[in-house]
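Reader: I have just opened this structure for the first time. Could you walk me through it, one question at a time?

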Amino acid sequence: MERKIRVLVAKPGLDGHDRGAKVIARSLRDAGMEVIYTGLRQTPEQIVSASVQEDVDVIAMSILSGAHNHLFPRVMELLKDKGVDDVLVVGGGVIPDEDIPGLKAAGIAAVFTPGSATTDIIEFIKNNLKRRE
Amino acid sequence: MDDSAVSAERVRSGDIRATARLISMIEREEPSRLAVLKALHAYGGGAHVVGITGPPGAGKSTLTDKLVAELRGRGRRVAVLAVDPSSPFTGGAILGDRIRMQRHATDEGVYIRSLATRGHLGGLSRSASEAVRVLDAAGYDDVIIETVGVGQSEVDIVRIADTVVLVSVPGLGDDIQAIKAGVMEIGDVFCVNKADKDGAERVVREIRAMLETAVLNGAATRFSALYTARAALAPASTDPATIESARDSLRDSLRGGAMEQGAFHHIAAQAPGHPNLEIPPVVCTVAETGQGIVELVNEIKTHEAALAATGFLRSRREANLAWELGRGAAERVLSALERDERKETMSELARAVLDKRIDYYDALDTLEKALTRY
Amino acid sequence: MSDTENIKKGLEAYDAGVTKALAKFSERKKEFSTGSKSPVKRLYTPLDDAGRDYAKDIGFPGAYPYTRGVQNTMYRGRFWTMRQYAGFSTAEESNKRYKFLLSQGTTGLSVAFDLPTQIGYDSDHALSQGEVGKVGVAIDSLADMEILFDGIPLDKVSTSMTINAPASVLLAMYIAVAEKQGVGPDKLEGTIQNDILKEYVARGTYIFPPEPSMRLITDIFAYCSKSVPNWNTISISGYHIREAGSTAAQEVAFTIADGIAYVDAAVKAGLDVDDFAPRLSFFFNAHNDLFEEVAKFRAARRVWATVMKERFGAKNPKSLSLRFHTQTAGSTLTAQQPDNNIVRVAIQTLAAVLGGTQSLHTNSKDEALALPTEASVRIALRTQQIVAYESGATETIDPLAGSYYVESMTDRIQKEAEAYIATIDGMGGAVKAIERGYVQQEIQDAAYTCQMDIESGEKIVVGVNKFQIEEGPPKGLLRVDPIVGEQQSAKLKKLRAGRDNGRVDSALAALKAGAKGDDNLMPLILEAVRAYATLGEICDVLRAEFGEYQQKVIL
């Protein structure tokens, strides 16, 4: 059977702007992926725990409030604590360029800023999965 | 983590990553899963498998969330399988049931897993029954399967669950018709959710009326099977006149409000001395506020106890397993027919039928003989 | 030959000419459409005006159905209020920014609160981590509010506060600060957003379920109509609905459907429509499509006037007229070549002004990247001032009236909006339609279509999918010091130790009892605020009584 890509789409933090996250969820679905959508106000603990239970290949998070420097690295830290090293983690939102190197160093594989095309995100995911058959 | 790192020991020891990966292997129909599943076979059997089904918009996810909370409060470890349909066009899926249950995400006594139907005929696939067995072996006390009540999935859930909760809501209008058309026959416990909304009373009345009619007419339903088992334990009179009078007294007690316990909870009503004449419970809930959840869990657990006490749990599981074996065998036969050498045999037979050398039924007999030699 | 026949004949000749020309050169596109994807014809003529009755459908400024504006002199009397939404970090920092803005000629304040404040969590709550002071100012108690408005006389400014679920608490704090300045509540002018329904569908800072939320809102209506008579008790917001991806017509429709729900709730609570409706205000988005936006504002006024008159029997002209604040569309700002955003904002400003707005916030060019710097806020404010003083657009009222195109689009948006409102009525109103996820679904479908159109190149965004350049990372962005969270937590600790905790406890106990019953909660909240109960403590009492809303996600 064809290997399905499973993606957890989450909004960490408190901001309620989920237009982007929902558009991404839909386009990943339309690209044939299984999207587990967890909704607003997710703590890093909830995100990591859900991603383990759901055995996802990818975690995609979006933050527009500016709390990314705190929340994204926290997710990476918790994944590490659980010994999870084969999940691709990507982030998006209103994120200044100068923050991106720090987020990448923390393990966020890619950061998609406003204006990113969903097709680019889909391509990135398909080409950078950490698990392969 | 590699698939090869998944073992029965890790699943049994409560390793969530191993359990989660094993379920992925099941979904992918990975042949390597079989060794682990076989090793897990010796364990489990103790979990109470509860199916939650009903039409879209009935509030099943919120209800499941509240059931999980209540069961956790009773000290039980709970696993949830939330099934959503895959898109027939792209094969993708948005699995959104989890949103309602995310508050349990960090509770180590709760495991939640979203499953897409992935185009399996029958919606709830073999994957789900295999996943249930894994979670059972992993030591969860309750395994809840939530399915959207569309298409075949509702009918499938009766093959997996020990107890099926059929959820209805007011305001869906025509869905009552669908329930009348036979879905009613699959419930063990009946739940009317969003009971604070206009029309809830009417839904309860209609469900009650259907249940009463079924029981009083002696129709075969999912719940009546249990009552028959119960009757076998405490044989009641078979004298038609006695049964008729028992029916009358049940009818009378129903009129007298035998099931009412507050406006919210309609307990099961039994004919005196005739345990096989019982109307199953109808529980009203407002999942959003938690109203009625304790009562619903009580009814689910009462049902489990009745299954166990009558020995019907075993016979229900036996019947389900026999059905599953049948399906499994049919799948194997189908895949055997797909093998190349068989394809040639089939083409050969097809030509023979086309040329009128043999008839269709002789061709089938030939095929069956050829297959059963293996 | 009659005039109409002459025009018809002329149009036929024109069409024939076009057909000939098209045989040689096709147009840029097969189909032309507005920013909201409504079809646009090649040409609009007086024929498109047929069937419209000027006196009845368009009318005069300051008179029913208010198509041309809500005042009879409009900007010839005075300009709109230039109100820049601002707030970040601590109350001290934001207070400095407000004083800067006032010195630069803004005429009203607009307070942005951080997310913990908007969701009713104190800065030291676990969920507040990383969010304190980020998208607005952190307010935990009256003590912060006193600093926020230090040196700003509250009887001299009008203040708008973007606060929804805990609006009663922040309004109470504002009233309490005014008391300390010796300013009575009857002297206060300003607005609280207080629009919970759009939080459920578009903005996400909800706390309580719809029913108790509606009660909090009607409590504010009732309280203010007696005690804070010049306060705009709600700003019914289409802005965020549009930002979430809706079309222009959906923006009008869903906003007015929400408005209907609020009026319904207040009337059911026993208020007289003309007692509170004059204080209802609106908040719309100004998007890129200049003419469609102008038509949208005009249509919105007409739809609301009709609803208030015909459905609710309102008699006071102030109840019938839709007054609105506008913000330029944040979602149109690009992170690429951010200077281009200045031009976008200028066009959007013109749309808001030609549409007759009562107040305006212009976005700064760097907002797709971070919070705006002082320099970029100044340009945004200057954009408004240039339109006001230099463009000439303000010298006459509703200058686009009578444009065949704009009038026909005004009619179209009105029709579409009214059809949506009828559908929502059929579901039992906005609250029910939101509970079913209908509104969310409509918005998300439009958002998805829009994104796909950008990706396919059908919709051009300059600098994003056309005319791109290689550019270095932007410089000089505003950063909020992450230390703010710790500072606020320290302040809270001190506050809790120093206040009269007996008074706090009894105020909170009274609030709890009030929440169980149906007394107006405003006086109880005001007393808790005066006792320096924190925002989080007050909201926790209400959370315990009311429960919390669970998002309805439709994908």
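Predicted model: local features only at pLDDT ≥ 70, side-chain atom pairs only at ≥ 80, totals over all residues.

Reader: Which element gives the largest share of the side of chain A that touches chain B?

Author: By class, this side of chain A has nine nonpolar, eight polar and 14 charged residues. Six residues of it come from one element, the largest share, and that element is α2(A).

Reader: How much area do chain A and chain B bury between them?

Author: The contact takes 31 residues from chain A and 30 residues from chain B. Carbon and sulfur atoms carry 49% of the buried area. The total that chain A and chain B bury between them is about 2500 Å².

Reader: How many salt bridges are there between chain A and chain B?

Author: One example is the salt bridge that B:Arg17 forms with A:Asp86, with the closest N and O atoms 4.0 Å apart. For chain A and chain B, the count of salt bridges is seven.

Reader: Let's turn to chain C and chain A. Which salt bridge partner does A:Arg26 have in chain C?

Author: The rule finds one salt bridge across the interface of chain C and chain A. A:Arg26 takes part in a salt bridge whose closest N and O atoms are 2.9 Å apart, and its partner is C:Asp445.

Reader: Which element gives the most to the side of chain C that touches chain A?

Author: Across this interface there are 13 residue pairs in polar contact, both at pLDDT 80 or more. Elements that give two or more residues to the side of chain C are α4 (115-118), α7 (196-203), α9 (239-243) and α18 (438-456) of chain C. With nine residues, the element that gives the most is α18(C).

Reader: Which three residues supply 20% of the area that chain C buries against chain A?

Author: The contact takes 44 residues from chain C and 35 residues from chain A. Together the two chains bury about 3100 Å², 54% of it on carbon and sulfur atoms. Supplying more of chain C's share than any other three residues are C:Tyr448, C:Arg479 and C:Leu555.

Reader: Which strands stand at the edges of the open sheet in chain C?

Author: This sheet has nine strands in the order β5-β4-β3-β2-β1-β9-β8-β7-β6 (chain C), with parallel pairing. At an edge a strand has a single partner strand, so one side of it is left without a neighbour in the sheet; that holds for β5 (231-232) and β6 (234-237) of chain C.

Reader: Is C:Arg298 buried or exposed?

Author: C:Arg298 is found in helix α12 (residues 290-311) of chain C. Setting aside residues up to four places away in sequence, C:Arg298 touches C:Ile58, C:Thr67, C:Arg68, C:Asp398, C:Ala401, C:Val406, C:Glu407 and C:Thr410. The cut-off for this class is under 20% relative accessible area. Because its relative accessibility is 0%, C:Arg298 counts as buried.

Reader: How many residues of strand β6 of chain B are buried?

Author: In a regular strand the side chains alternate between the two faces of the sheet. From β6(B), B:Thr163, B:Val165 and B:Val167 point one way and B:Val164, B:Leu166 and B:Ser168 the other way, and all are buried. For strand β6 (residues 163-168) of chain B, the number buried is six of its six residues.

Reader: Which residue in β7(B) stands opposite B:Ser168?

Author: On one hand, four bridges join strand β1 (residues 48-54) of chain B to β6(B), in parallel. β6(B) also pairs with strand β7 (residues 189-192) of chain B in the parallel sense over four bridges. In β7(B), the residue opposite B:Ser168 is B:Val192.

Definitions and conventions
Residues numbered from 1 in each chain as written. Chains lettered and ligands numbered in written order. Heavy atoms only, no water. Contact = heavy atoms within 4.5 Å. Buried area = accessible area lost by both parts, 1.4 Å probe. Salt bridge = Lys/Arg side-chain N within 4 Å of Asp/Glu carboxyl O. Nonpolar A, V, L, I, M, F, W, Y, C, P; charged D, E, K, R; others polar. Pairing = 2+ DSSP bridges. Buried < 20%, exposed > 50% of the residue type's maximum accessible area, 1.4 Å probe, protein only. Polar contact = N/O pair within 3.5 Å; in protein donor to acceptor, adjacent residues only side chain to side chain.
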